[in-house]
Amino acid sequence: MEQVERLKKYLLTVHPVRKTAGQKAEFRQWLLGELKRSGWKACEESYGRFNGSVNVVAGDPDRARVFLCAHYDTATRSLFPNFVSPTNVAAHVAYHLAAAVFLAALAFVASLAVSFPLNKPELMLPLFLILAVATLWVLAYGPACQNNANSNTSGVLALLRTAKAIRHDNRVCLVFFDNHNRNFLGASAFRKKRFDQTDGALFINFDCVGDGEHLLLMPSKQSRWDAELLEAVQAAFEDTEAVHPRLLDKGLQYYPSDHRRFKQNLAVCACRHLAGLGYYIPWLGTRRDVTLREENIAYIAQGMARFLPLYLEK
């Protein structure tokens, strides 16, 4: 736990924001050194100027059967909290639809407030479109969110702690994805570069694993048919007083993250629970994203140390 606390403190004080090219480069330099100290040979992978992503890869991606992943970039400050409910898809969609309608209404009212006093109704549509595009630009490229403890400093910390907890194995590769917040460009570029090698491999993605005592483990539709995977997950992640794992291998879930670029995947996130709503992740993209439970990080690292031998030897 002491090592988790040290890494957590360092990340939240020295590299709390990883949005600009300079911030990312400084973080990657530190990350490469940290992986080397953990016994992993790591390097940066760039994918051209158009894509713009720089992933950090540790291990041998051409021989690996399991890829452990987390995105390291941080997001723009949101106008609204980026509400996520993996098990309540209706609530997730309704929230984001309501937010979009509200922003569109603001743009409409603003364009009306300008065109009506001038008695120029022909200005209303161009002003509305300009304001709508400007809002989208701010959402994508606006000021950086300064607090990113859960999203996704928690995933980076979980992957680093796992790197220290497991033995180096050529069948396991660690990937720190860039540009999660630009439609998963880092994950897309990684898949495109190694389509044949990654097509049948398992990708385990840690995203927002720091806030909430309920740890959701969500296999993709293809992975739900992998009985060996499900058995290994259940055996490795046992219920404790601090963390309560839940393997969701039935029903509808939606969790938008980098794992969705790969067929065989297992998404891992921590959630709070509210009666009537279900599991949810609060405060993403806001200044209140300050919770990073060390118990979660230690639990994930220990669970992965048990899971990998069980899965790889079967």
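Tutor: Start with Asn 150, which counts as buried because its relative accessibility is 0% and the cut-off for buried is under 20%. Keep in mind that this is a predicted model.

Student: Where does Asn 150 lie, and which residues does Asn 150 touch?

Tutor: Asn 150 lies in helix α6, residues 149–165. Leaving aside residues up to four places away in sequence, Asn 150 touches Cys 208, Val 209, Gly 210, Asp 211, Ile 281, Leu 284, Asp 289 and Thr 291.

Student: How many aromatic pairs does the structure hold?

Tutor: The structure holds 14 aromatic pairs. In one of them, Phe 27 and Trp 30 have ring centres 5.9 Å apart and planes at 40 degrees.

Student: Why is the pair of Phe 27 and Trp 30 called tilted?

Tutor: Centres must lie within 6.5 Å for a pair, and planes under 30 degrees apart count as stacked, over 60 as edge-to-face. The planes of Phe 27 and Trp 30 are at 40 degrees, so the pair is tilted. Both residues are buried, and both lie in helix α2 (residues 21–37), three residues apart, about one turn of the helix.

Student: What makes the pair of Phe 190 and Phe 203 edge-to-face?

Tutor: Their ring centres are 6.4 Å apart and their planes are at 80 degrees. The cut-off for edge-to-face is over 60 degrees, so the pair is edge-to-face. This pair links distant parts of the chain, with Phe 190 in helix α7 (residues 185–193) and Phe 203 in strand β5, 13 residues apart.

Student: Are Phe 190 and Phe 203 buried or exposed?

Tutor: Phe 190 has a relative accessible area of 0% and Phe 203 has 1% relative accessibility. Buried means under 20%, so Phe 190 is buried and Phe 203 counts as buried.

Student: Which residues of helix α9 are buried?

Tutor: In α9, residues 227–236, the buried residues are Leu 229, Leu 230, Ala 232, Val 233 and Ala 236. Seen down the axis of α9, they fall within an arc of 165 degrees, so they line one face of the helix.

Student: What do the buried residues of α9 pack against?

Tutor: They pack against β5 (202–206), β6 (214–219), β7 (244–247), β8 (265–274) and α10 (294–312).

Note on methods
Residues are numbered from 1 along each chain as its sequence is written. This is a predicted model: local features need pLDDT of at least 70, side-chain atom pairs count only at pLDDT 80 or more; totals for chains, interfaces and linings use all residues. Side-chain values use heavy atoms; hydrogens and water are left out. Buried means under 20% relative accessible area, exposed over 50%, partly exposed in between (1.4 Å probe, protein chains only). Helices (H or I, at least four residues) and strands (E, at least two) are DSSP runs, numbered from the N terminus. The arc is that of the directions from the helix axis to the C-beta atoms. Contact means heavy atoms within 4.5 Å. Rings of Phe, Tyr and Trp (its six-membered ring) pair if their centres lie within 6.5 Å; planes under 30 degrees apart count as stacked, over 60 as edge-to-face and the rest as tilted.
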